[in-house]
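Hi everyone, thanks for coming. I'd like to walk you through one model today, so let me put it on the screen.

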Amino acid sequence: MALVYTYTDSYLASLITIDRENQALADVDLLGTFPAAWRKKLAIVRAYIITCMESQKSTEDVFTAKLAAYRNEFAEALPQARAAAQLAAATSTNANQGASPFTVSLERA
């Protein structure tokens, strides 16, 4: 089975396994339901975090530096993803409520 997403970090891409990607997807899904683009972004960053944590050999290796950077990226992206999810939910709720409050139904007498 192939990976779901494409990983662009050339240093980490070859270390992403199906198990790591599945764990990243499960972790993201536990945080909430997000629009597809945001779920993808969060899952990719989370997969990088998992890979760095599992590959880290010392506190001064490349994985440590990448881990810090990806943790910051995840921390910044998560509130944006949650806001996008709220907006998507509000938009779909308004669309499902029917007519706009600014429309008037026309009937023949």
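Which pattern does the protein chain follow, read along the sequence? The pattern is α-α-α. That makes 3 helices and 0 strands, where helices (H or I, at least four residues) and strands (E, at least two) are DSSP runs numbered from the N terminus.

A quick word on ground rules: this is a predicted model, where local features need pLDDT of at least 70, side-chain atom pairs count only at pLDDT 80 or more, and totals for chains, interfaces and linings use all residues. Residues are numbered from 1 along each chain as its sequence is written, and side-chain values use heavy atoms, leaving out hydrogens and water.

Now to the aromatics. Searching the whole structure gives 3 aromatic pairs; rings of Phe, Tyr and Trp (its six-membered ring) pair if their centres lie within 6.5 Å, with planes under 30 degrees apart called stacked, over 60 edge-to-face, and the rest tilted.

Tyr7 and Tyr48 pair edge-to-face, at 5.7 Å centre to centre and 70 degrees between the planes. Tyr7 sits in the segment before α1 (18–31) and Tyr48 in helix α2 (residues 36–55), so this pair ties together parts 41 residues apart in sequence.

Tyr48 also forms a tilted pair with Tyr70, at 4.6 Å and 35 degrees. Because Tyr70 belongs to helix α3 (residues 62–96) and Tyr48 to helix α2, that pair ties together parts 22 residues apart in sequence.

Are Tyr48 and Tyr70 buried or exposed? Both are buried, meaning under 20% relative accessible area, against over 50% for exposed and partly exposed in between (1.4 Å probe, protein chains only). Tyr7 is buried too, and ring pairs link Tyr7, Tyr48 and Tyr70 into a cluster.
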